[in-house]
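Welcome to this guided tour. Open the model in your viewer, and let us walk through it stop by stop.

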Amino acid sequence: MTTPAPKSTPGDMTTFNILHGFPEALVRGMRSSFLGDADYHHMTQCETLDDVRLNLSETDYGDALADMSTLIPTGLQKAAVEKLVTEFQYLRTQAIEPLSTFLDFITYEYMIENVMLLLKGTLSGRDINELIAQCHPLGMFKESTMRSIPTFESTPRGYQDLYQTVLVDTPVGPYFSLFLAETAGRGESSNVLEEVEIEIIKSSLIKYWIEDFGKYVECLGGETAQIMGDLLKVRADTNAINITLNSFGTPLNEPAMRASDRKRLYPALGHLYPAGTSMLADVGDEDELGRVLDLFPQYSSIWNVHSAGGSDGKSIDDAFYERDVQMLELAFEGQMHFGAFYAYVKLKEQEIRNLVWISECILQQQKEEIHKFVPVFSFNAPWRAGSKTRGR
């Protein structure tokens, strides 16, 4: 385990509110800031982005967009992300252990993505200022650290120096150390960062993060271990399915690499682990993948969306998003646990995706596609619509 075990627990019914009552009250109050069904309806009826801005001025995004003279999708996304980061950082300042470490864990995912973005951009010769502008604010290091990453040469020695002098001092440095140790254990040379595709490295680092996060919440125990543990299991399963699906047609799908390189990317966590991931390691095409997922009811319906070829306008990513939103919303129903903090960040990310999708459809005059988003806390969500139908 990379992160030390927590020195204290979140507490139970008698002590949780003493330790974490204020930040939990904040995040539950922030739930009211999500856009409602009426807000989405009004935005989908807009003809221009100025109309979208006018509608958003009456929501929680009003202040964030107040200084924008012209609304564009990228500007809207940046303002919404900055608003989320400000709220998250305020929650972090109000947190004490073990909640503070839990919140730090949430940021590690974005740190990994930022480092990989800088490494990938360096290999393609992109400008450092452009790359830093694209990095997620929740995963930012000191500016000197961010700017030093692309300065190393694209050579085995250069990448070795990069890890030893920069990455080792970052919160996600231990995950890089695990990756390098694993590749060295397979007898590969030290220039692995140059030879292995960036996405494979990223998948390995995300795997270590999920496993580390899972062990941490398990040590916390109580409702946090149950609710947050289930969210991480589903996240691990999603990664395993996507890695398998995306490997078809690549060297990772070659028989010699399925049980070695590809299987090594699957997190040792989840509802599919270990039996399901062992079967995933052997599949060679989509038909075989479908037969494996048919054995797991919670994923067979999602795979059917992919098998239908998007005939109903949905992709497998849309199905995953719908499933995630449903589970993240349920995290707010429990009490005295940390899962609501993770759920808030991920649900806000979904809301930002919705805003960008709607604004892009309006900008490109693709109104027939505008309803292909997943609203948050919607009374018209499929899982709520189904329950209302049964209740009649």
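In counting charges, Lys and Arg are positive and Asp and Glu are negative, while His and the chain ends are not counted. Each charge is placed at NZ of Lys, CZ of Arg, CG of Asp or CD of Glu. Select these residues: the protein has 34 positive and 55 negative charges, and their mean positions are 3 Å apart.

A word before moving on: this is a predicted model, where local features need pLDDT of at least 70, side-chain atom pairs count only at pLDDT 80 or more, and totals for chains, interfaces and linings use all residues. Residues are numbered from 1 along each chain as its sequence is written, and side-chain values use heavy atoms, leaving out hydrogens and water.

**The whole fold.** Switch to a cartoon view. You will find 20 helices and 0 strands; these are DSSP runs, numbered from the N terminus, with helices (H or I) of at least four residues and strands (E) of at least two. The C-alpha trace spans about 60 × 55 × 50 Å along its principal axes.

**The inside.** Now select F102, I106, M116, Y175, L205, W209 and F213. These have the most contacts inside the largest nonpolar core, which has 94 residues. Such a core is a set of buried Ala, Val, Leu, Ile, Met, Phe, Trp, Tyr and Cys residues joined through side-chain atoms within 4.5 Å. A second, separate core has 24 residues, including L252, L272, A319 and F320.

**Two cis bonds.** Zoom in on P98, in the loop between α5 (73-93) and α6 (99-123). Next, go to P274, between α14 (255-264) and α15 (275-280). Here the bond from Y273 is cis, again with omega near 0°.

Is M336 buried or partly exposed? M336 is partly exposed, because its relative accessible area is 23%. Its phi is near 60°, a positive value in a residue other than glycine. Then select F377, in the loop between α19 (339-363) and α20 (382-390). F377 is not a glycine, yet has a positive phi of about 55°. At 14% relative accessibility, F377 counts as buried.

**Last stop.** Select K314, in the loop between α17 (297-307) and α18 (316-331). K314 and K372 are 58 residues apart in sequence, but 7.8 Å apart in space, C-alpha to C-alpha.

Technical notes:
Buried means under 20% relative accessible area, exposed over 50%, partly exposed in between (1.4 Å probe, protein chains only).
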